[in-house]
Amino acid sequence: MNPGVQWVTLLYMMLAGAAMGLAYDGYRVLSFKLRFPNWLCAALDLLYWLWAALLVFRLLYAGNQGQLRFYAFLGLFLGVWIYFLIFSVTVRRFVVMLIQLVHSVCKFLWKLVTILIGMPLLWLWRLLKGVLILLGRIVLFVLKLLLRLTKPLWVLPVRWLSPYWTRLVHSTRMTTITTWLTKRWKR
């Protein structure tokens, strides 16, 4: 095998190792900040390793047609080691900053939606509720006024019929009918 191909493969494997370290740091910070459930962490771990395997084999195939040699493992180790030595802290801080930025933007958008849509709907609801209460009070006032104005028309007949009504309700025939009906309904 050509030494140029070996150096290119070594470089590809170092890039693959650095990419694996970058993805691992991002995933680790996200899972710590967002507190995923255990089953989701296991599923995401599996997805990470599947992605890493596909990346390594794709780059290995691009470098030397998929021949697995010692320098491929050396390149992966060097890539991960150099990444964790130089870039890991910076990437973790960047991911934390990115999470905080996304959180702040989402919070701002929620407040904006609340102010632009929620507050007018709340005001509209309060206005509608106030109008309904006002209409209810107006209707109640009109009904009370009509009741007072028509009092002579309905009070006198009620007073005249009241003794007869009482006698009718307490009569023997009516008591028998109500007793029969209550027994019938209980069955």
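The following legends describe an overview and several close-up views of a predicted model.

**View 1. Overall architecture of the protein chain, which is built from five helices and zero strands.** From the N terminus, the order of elements is α-α-α-α-α. The C-alpha atoms occupy a box of roughly 120 × 50 × 25 Å along the principal axes. The radius of gyration is 42 Å, whereas a compact globule of 187 residues would have a value near 16 Å. Of the 187 residues, 16% are buried. The chain exposes about 15,700 Å², and carbon and sulfur atoms contribute 75% of that area. Among contacts with a separation of 6 or more, 84% are between residues 24 or more positions apart.

**View 2. The kink in helix α3 and the buried residues of this helix.** Helix α3 spans residues 70–149 and bends by about 65°, with the kink centred on Phe87. Buried positions of α3 include Tyr71, Ala72, Gly75, Leu76, Gly79 and Tyr83. Ser88, Val91, Val95 and Ile99 are also buried in this helix. The buried residues of α3 pack against α1 (3–34) and α2 (38–64).

View 3. Asp25 counts as buried because its relative accessibility is 0%. The side chains of Asp25 and Arg28 are joined by a polar contact of 2.6 Å. Leaving aside residues up to four places away in sequence, Asp25 touches Tyr83, Phe84, Ser88, Val91 and Arg92.

**View 4. The tilted aromatic pair of Tyr24 and Tyr48.** The chain contains five aromatic pairs. In the pair shown, the ring centres of Tyr24 and Tyr48 lie 6.1 Å apart and the planes meet at 55°, so the arrangement is classed as tilted. The pair links distant parts of the chain, with Tyr24 in helix α1 and Tyr48 in helix α2, 24 residues apart. Tyr24 is partly exposed, with a relative accessible area of 34%; Tyr48 is buried, with a relative accessible area of 10%.

**View 5. The Tyr48 and Trp51 pair within the aromatic cluster.** The rings of Tyr48 and Trp51 have centres 6.1 Å apart and planes at 40°, and the pair is therefore tilted. Tyr48 and Trp51 are three residues apart in helix α2, which means that about one helical turn separates them. In an α-helix there are 3.6 residues a turn, so residues three or four places apart point the same way. Trp51 is partly exposed, at a relative accessible area of 37%. Tyr24, Tyr48, Trp49 and Trp51 together form one aromatic cluster.

Technical notes: Residues are numbered from 1 along each chain as its sequence is written. This is a predicted model: local features need pLDDT of at least 70, side-chain atom pairs count only at pLDDT 80 or more; totals for chains, interfaces and linings use all residues. Side-chain values use heavy atoms; hydrogens and water are left out. The bend at a residue is the angle between axes fitted to the seven residues ending there and the seven starting there. Helices (H or I, at least four residues) and strands (E, at least two) are DSSP runs, numbered from the N terminus. Buried means under 20% relative accessible area, exposed over 50%, partly exposed in between (1.4 Å probe, protein chains only). Contact means heavy atoms within 4.5 Å. A polar contact is a pair of N or O atoms within 3.5 Å; within protein, one must be able to donate a hydrogen and the other to accept it, and residues adjacent in sequence count only if both atoms are side-chain atoms. The radius of gyration is taken over C-alpha atoms; the globule rule is 2.2 Å times the number of residues to the power 0.38. Accessible areas come from the Shrake-Rupley method with a 1.4 Å probe; for residues, only the protein chains shown count as cover. Rings of Phe, Tyr and Trp (its six-membered ring) pair if their centres lie within 6.5 Å; planes under 30 degrees apart count as stacked, over 60 as edge-to-face and the rest as tilted.
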